[in-house]
Structures are given as C-alpha cells and as structure tokens.
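Please open the model in a viewer and keep the selection panel at hand.

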Amino acid sequence: MKPVPPNQQQALVERLMQACGGGYSPETRRKHFITGPQWAASYQGQALFHAPTRTAIGFEDVIREFAKIGIGYWCTHDTDVIPTEQLGKDGQHQIVARIQKSLAEHGLKCSMVTTETFYHEVFVAGPAAEAPEVRCYAAFRVRNTVDIGHELGAEYAVYWPGSLGYYTQGAIDETESLRWYADALNAACERDIEIAKKKNRPTLKHCLEAKPFEPQGEILLPTSDAMLGFIFSGLVKRPEMVGLNPEYLHELMWGAAVRAALARALVCGKLFHFDINDGYRLKHDVDIAIGLVNPLDWLNVLVLLRSHGYNGPFNLDYKPPRTTSNAGVWAVSVPTMVDRFITLWEMAGEVISDPIITEATEALKAGGTGADTKNAESIVKANKELLSLHELIAHRIFQILIGAHRGRTYSL
Ligand code: GLC
Ligand code: MN
Ligand code: MN
C-alpha cells in the first residue's frame, strides 16, 4: 500500500469504519441508560510517562458530539468544568448556566456529578487529611457538588476516594481517617436532604467507587466489598442513601470475578451505578473500552445484570487510547464503545432466552433421582451426568458470543 498523505487519513478511517458494518442509530443508542463522562471524552492522553496526544476540548463540544452519537446522558467532576478557584462563586453559576443551556440545546440530561478530591494539591494528604481545614474544605467541595447536581437535574453523585490512603505507613491512624471520610460523606447527604426538600426533588443516590491501588500506594477502601462494610459500619449516618458505583476494571485490578463482586452488591441492594470499561487482571488502570479485552466475561456480567433487572446507568468510564486522534475519538472510539456495549447487552438477552441454556439450567436445578440425602455417595450418583451441563452452558455462551448459534459454521 502507498503511504497515506495526512489529508486523506481521516477519510480512510471513516471508510474503514463504514466497512466494519456501520453502527446502531442514535435513536437506538438513546434507549439505553448510557452515560458519557466529560473526563473520558476530553482525556488528552496524558499520564505519568506520557505527554498528551490530543488537544483540549470543552463541555460544549463533548455534549454536542454525545448528542450526535446518541448518548443521552452526560456526567462530570466539578473541576472538569469549573476551575478550582471558581467553585462556589459567581464563575460557577455562570458555567452551570452554560451547561444547562448546552444540555437543553442538544436534548441531553445530566445523570451524575462527582467531586474531584484527588488531583489538586490541597488533597495531597487525601480528602480526609489530619488538618481540620482540609477536611472542612473537602466537606465544602462535596456539598457544593450536591448543589450543582440538583441544579443540573442529576440523580447520582459518585465518590472515588482515590487519594484516601498513603505511600508510607505510620503517620495516620486508619480508623480516624475512615471516620473523617465518613464525615464528608455525611455532610454531602445532609446537604442533599436540605436541597432536595427545598427544590422538591428526590435526594441523589450517593455512590462509592473503589479502586485497589493508584494513585496512592495503599488505599483504605480498596474494593467494593470494603465499601459495603464501610456503608454498614455505623460511621455513615444515612446508609440508605449510599450505595456503590463499581467499575469493571477496578474489580479486575485486585483479581476479582467481576460478576461475583456485582452479585455481592446486588444482594445488598447497593448496585446503584456501574462504570463500564475493560482491561487486564492485576495490572494498572488502563481503562480500555468495553469488550476489547474480555468480551466473554463482559457477556456473562451483562447476563447477570439483565437477569436481575439492573436499571441504573452504564457509565462509559474509559479512556480513548493515546493513538486515537481528536477526530478519531468521535469517529471511532466513542461510537464503537457504545455499540459493543449494546451488542453485548442484546446477546445477554439471547443467553437468557436461549432454549438450550434454559433447559440445561433447569435440569441442573431439578437435580437427579433416587438420592438418599444423608448419603454422599448416593447424591453423587444421582446427578453425576447432569454436571457436564456446566461446561455445555459455557460453550453455548461462547457460541452466542461468536454468532455460532445463528449458523456460523466451521471451515473444512
Ligand atoms: C476518576 C477515576 C474514575 C472515576 C472518576 C469519578 O476519573 O479515574 O474511575 O470513576 O474519577 O470520580
Ligand atoms: Mn470509574
Ligand atoms: Mn478506571
């Protein structure tokens, strides 16, 4: 192939995207509760060892492009859109008014707001630092985010306490830090109750998001399970208002079976919000787009969520790769992420209604005949042959993933 001149490269990307078979229509995409973060779309590719590869873009661009693609909801950190020094001041009100205008113009809703308590130097010792003035400031920040959330009509607030931890042990007493962190959350919930009453709106759903490592060396609430314990610890004053925002990759990072982690949240009634992405087990937070690493696992995750009627947001918390250009974010990255999610969601429906899987599952639950339930040997004999269905079900799910159930055939 001949070298491709720079001015023909975008056209090539677009032609090959078409050749991939196109995508879902914006109307179809909008039927799902898919939420698009400001920070994901505007991520410039920077990291500790990486310079940015894309130019900056603001919320007006992101909201407009989400609308074109068919993403119905937008979400943001406070400081993704409002400079730190403007928080709680006039500048904030002007920006919030611009956001409202932009959302209305493009028919989007704000689903969620979150507080950045990890980036600015003020949080260098964490959001629940020893110095009371830092904690006072953290409480101001989360309360202010609640205000913004109500102004923008959000239903959810997310908390990722990324810097709640340390690099070196000994300086802080973990029990004290956890109490202090709960104080901030309690302040947010109290503020929420107050504003919700004033505005005659429901209170927000407050969602804790865990990540096992990064950016701190050691994290005080590293997993969704640790957070469930925290919610019910007695430190959180309004446990009924607080639940989880698990992130797919954050669970994999500590080696969890993501489906099992979600099941533990579901049985506690705490699966409020879900950050969707992909990546590798026991490695850092690469935030790859859904389905590019673990499509089979993802299909299984969605089968669990569909069969339990999960109806919260699916939040596209991924980072477009650094190799993708500004144009590529909109032409390739965001729409293909959304479409792989929808395809996997549809496949999950096929798994749930598949006659082979249904019959196999029912047979496993019916068990065998002739067992003496006080005799291990006799129980083993009663259902031994049935248990091959475990592997058969896994094979069938794979077939659905690759389309073999619709007649994809093997070449000779
Ligand atoms: C950061 C984290 C992301 C989290 C978000 C919400 O961007 O990387 O995982 O969901 O903050 O606060
Ligand atoms: Mn996340
Ligand atoms: Mn992540």
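Begin by selecting the manganese ion (ligand 2) in this predicted model. Which residues are its protein donors? They are Glu209 and Glu247, each through OE, together with Asp275 and Asp317, each through OD.

Keep the manganese ion (ligand 2) selected and display the angles at the site. Among its 6 donor atoms the angles run from 75 to 165°, and the site is irregular. Along the sequence, the donor residues follow the spacing E-x37-E-x27-D-x41-D.

Now highlight Glu247 and Asp275, a pair that links distant parts of the chain, 28 residues apart. Glu247 sits in the loop between strand S8 (242–244) and helix H10 (248–253), whereas Asp275 belongs to strand S9 (residues 274–275). Are these two residues buried or exposed? Both Glu247 and Asp275 are buried.

Turn now to the nonpolar interior. In soluble globular proteins, nonpolar side chains tend to be buried together. Select Trp74, Leu208 and Phe274: within the largest nonpolar core, which has 92 residues, these touch the most other members. Then colour helix H13 (residues 326–353), which gives the most to this core, with 12 residues.

Centre the view on Leu208. Beyond its neighbours within four places in sequence, Leu208 is in contact with residues including Tyr159, Tyr181, Met227, Phe230 and Asn245.

Finally, select Met112, Tyr156, Val158 and Phe272. They are among the 8 residues of another core, which lies apart from the largest one.

Conventions
Residues are numbered from 1 along each chain as its sequence is written. Chains are lettered from A and ligands numbered from 1 in the order in which they are written. This is a predicted model: local features need pLDDT of at least 70, side-chain atom pairs count only at pLDDT 80 or more; totals for chains, interfaces and linings use all residues. Side-chain values use heavy atoms; hydrogens and water are left out. Donors are N, O and S atoms within 2.8 Å of the metal (3.2 Å for Na, K and Ca); water is not among the atoms, so sites may look incomplete. Four donors count as tetrahedral if all angles lie between 85 and 135 degrees; four count as square planar and six as octahedral if opposite donors are over 155 degrees apart and all others between 65 and 115; anything else is irregular. Helices (H or I, at least four residues) and strands (E, at least two) are DSSP runs, numbered from the N terminus. Buried means under 20% relative accessible area, exposed over 50%, partly exposed in between (1.4 Å probe, protein chains only). A nonpolar core is a set of buried Ala, Val, Leu, Ile, Met, Phe, Trp, Tyr and Cys residues joined through side-chain atoms within 4.5 Å. Contact means heavy atoms within 4.5 Å.
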